[in-house]
Amino acid sequence: MNRGRIVAGALAPHPPHLVYAENPPQNEPRAECGWEELRWAYERLRLSLATKPFDVILVHTPHWRTSRGHHVLASPHFKGLSVDPVFPHLFRYTYDLRVDVELAHAIVEETRAAGLEAVPMCNPDFRIDYGTLVSCHMTRPQWDIPIVAISSNTAHDDLSVEVGDARMKALGDATRRAVEATGRKALLLASCSLSHRHFTQEPALPEDMTHEHIYNYNQYLWDMRMLSLFRQGRTRQIVDEAPDFVEQAVSETRAGSLTWMLAAAGFPDEPCTVHGYGSVIGTGNAVVEVPPARVHSGDACDGKL
Ligand SMILES: [Fe+2]
């Protein structure tokens, strides 16, 4: 078997508004338009990925939270209806997806070998979270490639961002080892926004973009700083600054998805491609494509598990 590899990573935010505005047949509510900056950013990501064939999508999601270790989707087929608990008027999505079970079990084993807890999720009736569904739909709406979804852990909240991120580096390394051992060509998705303070009321017409803008200037400055680091290829610095970013911009990267993705990609130092930036109910979101590191500098865990 050929050694597998990470084909690319992506920051792939999951506001359900994006699927709502796309009007795919899987989603029941209908929209007229909305959030074009981000939807067209995903379109540019899809065009770029068309030149980088991959055979599995790995996604780390803030909206599947587990307090003991990480759970990994590991049943071959999931089918059902996902309703966003906050935006049920925007997202009632019928899904039907396949899972790469062999890779899922390999990730579980490598994660355990790294000293973290991991559990395969084998209940075929388990309901898939909207973070997984929106990021995967916007990246690959055909749903013709199997996925593996990985839950986020509460260590960032229960302990600290530093401890949580150290674990995400170990999880990212374990993920990459599993990909290499199983011969897969994998796309990584970090399913999260950047800044995440948001409005608590929405306009009568949700897609009325005359009401949409970033929540405050502080958040905007933090988002631009993060995107500047992406564009310079300073991916380790992004994670180094995560505790301040999380505290000052209430960033959704707190759940560890971004750190996991950058670690699995080997903390590349080449420029990343910002396909677009936009706000959704005031939160800051960017679609960013991350090239895999050409040379891995060794496993990224710094011993703070
Ligand atoms: Fe979210």
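Tutor: Helices here are DSSP runs marked H or I of at least four residues, numbered from the N terminus. Please also keep in mind that this is a predicted model.

Student: Okay, and is α10 itself buried or exposed?

Tutor: Eight of the eight residues of α10, which covers residues 257-264, are buried, so this helix is largely enclosed by the rest of the structure. Among the buried residues are Trp-260, Met-261 and Leu-262.

Student: What about α4, buried or exposed?

Tutor: Helix α4, made of residues 130-139, has ten of its ten residues buried, so it too is largely enclosed by the rest of the structure. The buried residues of α4 include Tyr-130, Cys-136 and His-137.

Student: Zooming out, how many helices and strands does the protein have?

Tutor: The protein has ten helices and ten strands. Its C-alpha trace spans about 50 × 40 × 40 Å along the principal axes, and buried residues make up 52% of the 305 residues.

Student: And what radius of gyration would a compact globule have?

Tutor: For 305 residues a compact globule would have a radius of gyration near 19 Å, and because the protein has 18 Å, the two agree. As for contacts between residues at least 6 apart in sequence, 83% of them join residues at least 24 apart.

Student: Switching to strands, which strand do the bridges join to β7?

Tutor: Seven bridges join β7 to strand β2, which is residues 56-66, and the two strands run parallel. One place to look is His-60, which stands opposite Ile-150 in β7. Strand β7, residues 147-153, is mostly covered, since seven of its seven residues are buried.

Student: Back to helices, at what angle do α3 and α6 pack?

Tutor: Helix α3 (residues 101-113) and helix α6 (residues 161-182) pack at about 135°, with their axes 8 Å apart. Angles over 145 degrees would count as roughly antiparallel, and α3 and α6 are therefore described as oblique to each other. The contact involves residues including Leu-103, Ala-106 and Ile-107 of α3, together with residues of α6 including Leu-171, Ala-174 and Ala-178.

Student: How do the axes of α6 and α9 cross?

Tutor: The axes of α6 and α9, the latter being residues 242-249, cross at roughly 125° and come within 9 Å. That makes α6 oblique to α9, and this crossing is right-handed. On the α6 side the residues are Val-161, Glu-162 and Asp-165, and they meet Ala-242, Pro-243 and Val-246 in α9.

Student: Last topic, then: where is Asn-23?

Tutor: Asn-23 is in the loop between α1 (16-22) and α2 (36-49). Its phi is near 55°, a positive value in a residue other than glycine. Trp-35 is also placed in the loop between α1 and α2, and Trp-35 has a positive phi of about 55° although it is not a glycine.

Conventions: Residues are numbered from 1 along each chain as its sequence is written. This is a predicted model: local features need pLDDT of at least 70, side-chain atom pairs count only at pLDDT 80 or more; totals for chains, interfaces and linings use all residues. A residue is buried if 20 or more other C-beta atoms lie within 10 Å of its own, exposed if 12 or fewer, and partly exposed in between; C-beta atoms are placed from the backbone. Two strands pair if DSSP finds at least two bridges between them. The radius of gyration is taken over C-alpha atoms; the globule rule is 2.2 Å times the number of residues to the power 0.38. Two residues are in contact if their C-beta atoms, placed from the backbone, lie within 7 Å. Axes are lines fitted to C-alpha atoms, for helices over the stretch in contact, and angles run from 0 to 180 degrees between N-to-C directions. Angles under 35 degrees count as roughly parallel, over 145 as roughly antiparallel, 65 to 115 as roughly perpendicular and the rest as oblique. A crossing is left-handed if the near helix is turned anticlockwise from the far one by less than a right angle, and right-handed if clockwise.
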